[in-house]
Amino acid sequence: MSQLSERPEKPVVGVPVPHESAVLHVTGTALYTDDLIHRTKDVLHAYPVQVMKAHGRITALRTEPALAVPGVVRVLTGADVPGVNDAGMKHDEPLFPDEVMFHGHAVAWVLGETLEAARLGAAAVEVELDEQPSLITLQEAIAAGSFHGARPVMLTGDVDAGFADSAHVFTGEFQFSDQEHFYLETHAALAHIDEAEQVFVQSSTQHPSETQEIVAHVLGLHSHEVTVQCLRMGGGFGGKEMQPHGFAAVAALGARLTGRPVRVRLNRTQDLTMSGKRHGFNATWKIGFDADGRIQALDATLTADGGWSLDLSEPVVARALCHIDNTYWIPNARIAGRIARTNKVSNTAFRGFGGPQGMLVIEDIMGRCAPLLGLDPMELRERNFYQQGQSTPYGQPVLHPERITAVWKQVQDNAGITDRRREIAAFNASKPNTKRALAITGLKFGISFNLTAFNQGGALVLIYKDGSVLINHGGTEMGQGLHTKMLQVAATTLGIPLHKVRLAPTRTDKVPNTSATAASAGADLNGAAVKNACEQLRDRLLQVAATQLGSNASDVRIVEGVARALGSDKELAWDDLVRTAYLQRVQLSAAGFYRTEGLHWDAKAFSGSPFKYFAHGAAAAEVEVDGFTGAYRIRRVDIVHDVGDSLSPMIDIGQVEGGFVQGAGWLTLEDLRWDAGDGPNRGRLLTQAASTYKLPSFSEMPEEFNVTLLENATEEGAVYGSKAVGEPPLMLAFSVREALRQAAAAFGPSGVSVELASPATPEAVYWAIHAARQGDVSRNGHARNASATNGRAGNGHVASGRIPSGAEALSGA
């Protein structure tokens, strides 16, 4: 076992401990960025001037009326920017635009003594617009040929030969929804300038170093003149990886120009209408199977709705392509990716970062094609699992395919699948208007940033004379428990009790040039860096202890805060050891660093080994569906998830549960709607609040929810043998969607294939039931009887189409 993976005697990692801020969270005493305004004197409040049109050129911007509003101090416009007027890393996101690119685009910001004064001032700003044609839907952009960014193509094998050798070939189209992050804490920043003209920004950001970089170039400064701190976030989910930078820059610019602290905090409606979402996708595909149901070839085009600017759309599409295989070996594949440019908010990172979108495509294909092949969906999936020696379509070997099977078999055993499927069949036979179904899906999710340079982490660890320890690292805390894990890593490496270690807020002047806390790599990168720093300190202290104990340093162990020499009864308490080291002038601080080894990626060839390892999991979900309304409930969910040797089991189980529920929300509930009509509100987000945007709640939770972490699953070469857990569990929710598909199909004849919209809302499920009852392709093309699949390539086409609205169905439109 490698030094990075090996655990010492009596480690603190692996012990189930509560989240380090749990008590603060539940008592309301945890501080977030916007709470700091109450501790800051003379704060100015910033309010955006939003233009409520989807697209147009600004012909006039009059700020004088705003300055006449009592309490308004200043209006920020592009003319005030001393540096670069841009808030994005691609330089395609003007901070103060002269062209409105989406409904609600902020073109100026008003600073006021109070938030109300700033709001009234923003309402007084006059903007004249030369309206331009707009593209709102993904279909409109595709039809208009509106694309931007890279257009990667992933190739493996001989696709044409694969189709020629296929006994069954199916084609289809699938479009699925975007998703709102809906973190509890909206975007927030608080900036002030000190006496040396240094800029200090408190920001709710997943990427403090990049926020620092953007603030610096907007202000025309160098990075060492800007410090960014993130106390904690009230949720992020990827929505605060790139998008906080502009808001921080507005606050910093206002503070620089006025000499007073400036606060930016979006209300919920502003956050929903100004910030990006998960990318919605359109997929067109063609797949070939042999006579036994094994995939022979896949040809697909994935189109992401990027919104008005690139943001992170290129790497999102790249990761979608890298995950279209999920757990299945595809020997011949041609997968193209592209980014549609629409007049909507700039879509961005969201938990899974394109991986869920790619995996959803193949899971939808498997669910639709299983009945056409005359196979049980579970059997079709199993037949196509990766085997030893096989590689992904981009050329990375799948080193532990047995994990795919292990979680799959264990979840079947835990869930009692055989008996329950028999019970479900009996229930369905006796209930013509209510059906149940049970589906299992698995996942294989690559861990690391696709861009190799981002796979590095840093830490700073300080030991004080009294034996207490303070750690800084480059990761940010958004409720996921990263800080808790880092405390456990430090305590384990130093060999001391957890209570002796404290963690400082993430700051760019403590650990520089950090990567975003994203890609599920936070614990891997920062944990290894913390461990590296602590190992440096421990090695120095072992030398001191060896002298005191009359032993060799290699024979000294520090366990539970006591240094002992092997074969000796002598002891030296941690506090005494540290004090002795100080008196001997031994350095008691260390900077740690880690970079992930073994990664390589050729973006142009779209090949390489971009991931350190794969995380695996499987979920079994049972649903019950009402045939009259399409309403459903999740009766039971069983999950087995591979987190390696868990650093913190309580935290990891919470992440699995939370990820699953968020995924179920995306796939079954959360239905973002935009006004795509030609009226005056074209481009407006219609679902602007929790009253119209349905989020998972207790009523959508499974009635029985069982989560098990895979045992004996040490990951060699990762910090203390652990694996990432942030993103992968979201994809376990595919099991719910597939169970809904099977339940809808149960209303029709045996062997019917059902298309299911995503999100699979009760309305969508109702129309899937309606199509299943038809027993063949309906006029909208939602289902085809399995009998149509017999024969060679070309037979068994799965027609594509969309779920009609209730009004269309009733009117016969």
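Which residues does Ser346 touch, not counting residues up to four places away in sequence?

A quick word on the ground rules. What you see is a predicted model, in which local features need pLDDT of at least 70 and side-chain atom pairs count only at pLDDT 80 or more, while totals for chains, interfaces and linings use all residues. Residues are numbered from 1 along each chain as its sequence is written, and side-chain values use heavy atoms, with hydrogens and water left out.

So, back to Ser346. The residues it touches are Gln243, Gly276, Lys277, Gly306, Gly307, Trp308, Ser309, Leu310 and Asp311, where contact means heavy atoms within 4.5 Å. Take Asp311 from that list: Ser346 and Asp311 are 35 residues apart along the chain, yet their C-alpha atoms are separated by 6.6 Å. Ser346 sits in the loop between β15 and α10 (355-372). Helices here are DSSP runs of H or I with at least four residues, strands are runs of E with at least two, and both are numbered from the N terminus. Ser346 counts as buried because its relative accessibility is 4%. Buried means under 20% relative accessible area, exposed means over 50%, and partly exposed is in between, with a 1.4 Å probe and protein chains only.

That loop between β15 and α10 also holds Phe353. Its phi is near 55°, a positive value in a residue other than glycine. Phe353 counts as buried too, at 14% relative accessibility. For background, most residues other than glycine have a negative phi, and most peptide bonds are trans. Tyr720 is another one to look at, with a positive phi of about 50° although it is not a glycine. You'll find Tyr720 in the loop between β29 (704-709) and α18 (734-745), and at 2% relative accessibility it counts as buried. On the peptide-bond side, the bond from Ser758 to Pro759 is cis, with omega near 10°. Pro759 belongs to the loop between β30 (752-754) and α19 (762-774).

Now let's zoom out. How many helices and strands does the protein have? The secondary structure comes to 20 helices and 31 strands. With 813 residues, a compact globule would have a radius of gyration near 28 Å, and the protein agrees with its 28 Å; that radius is taken over C-alpha atoms, and the globule rule is 2.2 Å times the number of residues to the power 0.38. Buried residues make up 62% of the 813. Among contacts with a separation of 6 or more, 80% come from residues 24 or more positions apart.

The expected span is 1.5 Å times one less than the number of residues. Of the 13 residues in α14, 13 are buried, and the helix is followed by Gly495, whose phi is positive, near 80°. Helix α17 (residues 649-668) has 20 residues and reaches 28 Å from its first C-alpha to its last, close to the 28 Å expected. In α17, 15 of the 20 residues are buried.

Finally, the rings. A search of the whole structure finds 16 aromatic pairs. Rings of Phe, Tyr and Trp (its six-membered ring) pair if their centres lie within 6.5 Å; planes under 30 degrees apart count as stacked, over 60 as edge-to-face and the rest as tilted. Tyr328 and Phe385 are stacked because their ring centres are 6.2 Å apart and their planes are at 10°. This pair links distant parts of the chain, 57 residues apart: Tyr328 is in the loop between α9 (313-322) and β15 (333-341), and Phe385 in the loop between α11 (377-383) and α12 (402-415). Tyr328 counts as buried at 0% relative accessibility, and Phe385 does at 5%. Tyr394 and Trp601 form an edge-to-face pair, 6.1 Å centre to centre with 75° between the planes. Here the partners are 207 residues apart, with Tyr394 in the loop between α11 and α12 and Trp601 in strand β25 (residues 600-602). Ring pairs link Tyr394, Trp601, Phe606, Phe611 and Phe614 into a cluster.

Thanks, everyone; I'm happy to talk it over.
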